[in-house]
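Hi there,

Here is the structure I promised to pass on to you. Have a look at it first, and then read on for what turned up.

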Amino acid sequence: MDLPASISIRISTASTRTNTAAIPLHAYAYPPVYPQYPPPVPPTPQSLEDEIEALEDYKKELEDEKASIEQEISDVEARIKELRAMLEKGGKPPGP
């Protein structure tokens with residue numbers, strides 16, 4: 001089975017002219033070729049004090065995120081209650 005060395009794509013623009021571009025078939029070869037990078041450098045060992053400080057900072061970030069998530073859950077629960085109350089009254093939600 002003979003395959004063409006390239007395919008032709010016609011690209012129409014807003015004007016009356018048409019652009020034709022030839023794309024080589026090897027451009028779509030599988031698997032794609034990725035550049036080779038060296039392996040990552042392993043982290044250097046930290047002192048115990050540095051690791052404790054890093055873990056305390058991370059714990060604080062997690063606690064801040066937890067508070068934010070709990071606030072979001074509270075807001076969602078309040079909206080659910082509001083919508084259920086509207087549904088029980090037979091009202092329709094405001095909308096455009």
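A helix here is a DSSP run of H or I with at least four residues, numbered from the N terminus. With that in hand, D64 and K60 both sit in helix α1, four residues apart, or about one turn of the helix. Please keep in mind that this is a predicted model.

Helix α1 has 42 residues, which should span 62 Å at 1.5 Å a residue, and its end C-alpha atoms lie 61 Å apart, in agreement. Just after α1, G90 adopts a positive phi of about 80°.

What about the surface? The protein chain exposes about 9,700 Å², with 60% of it supplied by carbon and sulfur atoms. Of its 96 residues, 0% are buried.

Now for the charges. Side chains of opposite charge can pair when their charged atoms come close. Two salt bridges were found in the whole structure. One joins the side chains of D64 and K60 at 3.4 Å, N to O. D64 is partly exposed, at 44% relative accessible area, and K60 is partly exposed too, at 49%. Another joins E82 and R79 at 2.7 Å, N to O; these residues are three apart in helix α1, about one helical turn.

Finally, there is a negative surface patch formed by E49, D50, E53, E56, D57, E61 and E65. Within it, D57 belongs to helix α1, residues 48–89, and is partly exposed, with a relative accessible area of 44%.

Enjoy exploring!

Conventions
Residues are numbered from 1 along each chain as its sequence is written. This is a predicted model: local features need pLDDT of at least 70, side-chain atom pairs count only at pLDDT 80 or more; totals for chains, interfaces and linings use all residues. Side-chain values use heavy atoms; hydrogens and water are left out. Patches are made of residues with over 30% relative accessible area and no salt bridge: like charges are joined within 9 Å, nonpolar side chains (Val, Leu, Ile, Met, Phe, Trp, Tyr) within 5 Å. Accessible areas come from the Shrake-Rupley method with a 1.4 Å probe; for residues, only the protein chains shown count as cover. A salt bridge is a side-chain nitrogen of Lys or Arg within 4 Å of a carboxyl oxygen of Asp or Glu. Lys and Arg count as positive and Asp and Glu as negative; His and the chain ends are not counted. The place of a charge is taken as NZ of Lys, CZ of Arg, CG of Asp or CD of Glu. Helices (H or I, at least four residues) and strands (E, at least two) are DSSP runs, numbered from the N terminus. Buried means under 20% relative accessible area, exposed over 50%, partly exposed in between (1.4 Å probe, protein chains only). The expected span of a helix is 1.5 Å times one less than its number of residues.
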